[in-house]
Amino acid sequence: DNYRDNPFHNFRHCFCVAQMMYGMIHLCNFREVCTSLELATLLTAAICHDIDHPGFNNNYQINARTELAIRYNDLSPLENHHCAVAFQILENPDTNIFAYLSKDQLKTVRSGIIELILSTDMGKHSELMQKFKGVLDKGLDYNNQDHRSILRIMFIKCCDISNEVRPMEVSGPWVDCLLEEYFNQSDREKSEGLPVAPFMDRDKVTKATAQIGFIKFVLIPVFESMNRLFPQLEEVMIHPLKESLEYYERQKKTEDMLQEEQAKTKLTRGQSSVAG
């Protein structure tokens with residue numbers, strides 16, 4: 001009941017992210033180096049990471065000066081809201097899955113969940129990627145708590161944006177859902193006189209152009225960085241990403257050829273009209 005019926009940010013997205021988290025934990029044998037509290041934190045954060053998402057992103061919240069933006073001082077308003085709603089639910093004795101933890105354990109779990117959910121703000125993506133690559137270059141030390149922290153963050157980041165590692169018959173409809181949500185936002189932004197991001201504008205973006213950039217500049221670098229620690233990701237996740245990229249590049253080429261033919265036809269008709 002706490003996930004809204006948005007085209008993309010809904011309970012089905014929550015389920016997919018949680019399922020991918022479970023799968024990655026097993027695929028990467030992460031259980032061997034994680035404590036039970038860390039595993040519980042990862043799975044709970046995955047389930048709660050977009051809870052009560054309104055369907056309009058942080059840029060809209062900030063530009064429209066919404067209640068959430070004002071409440072959280074423009075600092076990751078959505079992610080802070082997801083955290084707050086999650087812990088409101090966990091305060092209920094009927095839904096408090098951590099009721100039997102000690103105070104110290106609960107403090108650890110709470111701080112861990114907050115850290116993970118806040119890290120799903122894509123506005124922090126470059127900063128977190130740079131930090132993770134720095135740790136990899138030095139050599140990840142599982143005895144270093146900061147290293148463990150950034151690795152947990154990378155797990156939830158991978159899972160949050162993992163649709164394209166799934167088969168095309170699964171990932172394709174999810175792109176349609178995301179674009180629908182983007183277009184709903186950009187339509188509202190236009191009507192309210194707010195800035196519109198080009199990648200969300202129905203007049204400027206296609207499914208192919210949206211995915212090519214995202215796969216090439218976000219997804220592949222993220223998963224290739226994780227692959228440095230977990231080589232088993234190569235076949236299961238990186239290969240599908242590259243296949244998806246090739247698919248959308250072919251689709252864009254077809255779209256470009258069609259547009260070119262339409263332009264030629266329009267020009268020919270115009271010349272015929274003038275000649276007539």
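This report describes the core, cavity, pockets and salt bridges of the structure above.

The model is predicted, so local features need pLDDT of at least 70 and side-chain atom pairs count only at pLDDT 80 or more, while totals for chains, interfaces and linings use all residues. Residues are numbered from 1 along each chain as its sequence is written, and side-chain values use heavy atoms, with hydrogens and water left out.

**Nonpolar core**

A nonpolar core is a set of buried Ala, Val, Leu, Ile, Met, Phe, Trp, Tyr and Cys residues joined through side-chain atoms within 4.5 Å. Buried means under 20% relative accessible area, exposed means over 50%, and partly exposed lies in between (1.4 Å probe, protein chains only). The largest nonpolar core has 61 residues, and Met24, Phe155, Phe223 and Met226 touch the most other members. Helix H10 (residues 207–227) gives the most to this core, with ten residues. Helices (H or I, at least four residues) are DSSP runs, numbered from the N terminus.

Which residues does methionine 24 contact, leaving aside neighbours within four places in sequence? They are Phe155, Cys158, Cys159, Met226, Leu233 and Met237. Contact means heavy atoms within 4.5 Å.

Asparagine 163 sits in the loop between H8 and helix H9 (168–192). Asparagine 163 is buried, at a relative accessible area of 13%. Not counting residues up to four places away in sequence, asparagine 163 touches Phe8, Ser171 and Trp174.

**Cavity and pockets**

On a 1 Å grid over the protein atoms alone, a cavity is a set of points where a 1.4 Å probe fits but cannot get out; a pocket is an open set with protein on both sides within 12 Å along at least five of seven lines; lining residues have an atom within 4 Å of a point. Grid points are joined across faces, edges and corners, and a volume is the space filled by probe spheres set on the points.

There is one cavity of 30 Å³ or more. The largest cavity holds about 40 Å³ of space. Its lining consists of Phe30, Val33, Cys34, Glu38, Tyr142, Arg148, Leu151 and Arg152. Helix H8 (residues 145–160) gives the most to this lining, with three residues. By class, five lining residues of the largest cavity are nonpolar, none polar and three charged. In these classes, Ala, Val, Leu, Ile, Met, Phe, Trp, Tyr, Cys and Pro count as nonpolar, Asp, Glu, Lys and Arg as charged, and the others, Gly among them, as polar.

The largest pocket has a volume of about 1000 Å³. Of the 39 residues that line the largest pocket, Met122, Leu178, Tyr182, Phe199 and Phe214 are the closest to its centre. H3, helix H5 (77–90), H9 and H10 each supply at least two residues of this lining, and H9 gives the most, with eight. The lining of the largest pocket divides into 17 nonpolar, 16 polar and six charged residues.

The second largest pocket has a volume of about 290 Å³. It is lined by 13 residues, and Asn2, Ile47, Cys48, Ile51 and Ile89 lie nearest its centre. H2 and H5 each supply at least two residues of that lining. Its classes are nine nonpolar, three polar and one charged.

**Salt bridges**

Side chains of opposite charge can pair when their charged atoms come close. A salt bridge is a side-chain nitrogen of Lys or Arg within 4 Å of a carboxyl oxygen of Asp or Glu. The whole structure has 13 salt bridges. The table gives some of them.

| Pair | Closest N and O atoms |
|---|---|
| Arginine 4 and aspartate 52 | 3.0 Å |
| Glutamate 67 and arginine 71 | 2.5 Å |

Arginine 4 is partly exposed at 39% relative accessible area, whereas aspartate 52 is buried at 19%.

Glutamate 67 and arginine 71 are four residues apart in helix H4 (residues 67–71), so about one helical turn separates them. Glutamate 67 counts as exposed at 56% relative accessibility, and arginine 71 as partly exposed at 42%.

Aspartate 137 lies in helix H7 (residues 125–138) and arginine 228 in the loop between H10 and helix H11 (233–275), so the pair ties together parts that are 91 residues apart in sequence. Aspartate 137 is exposed at 58% relative accessibility, and arginine 228 is partly exposed at 48%. Salt bridges that share partners also join Glu38, Glu115, Arg148 and Arg152 into one network.
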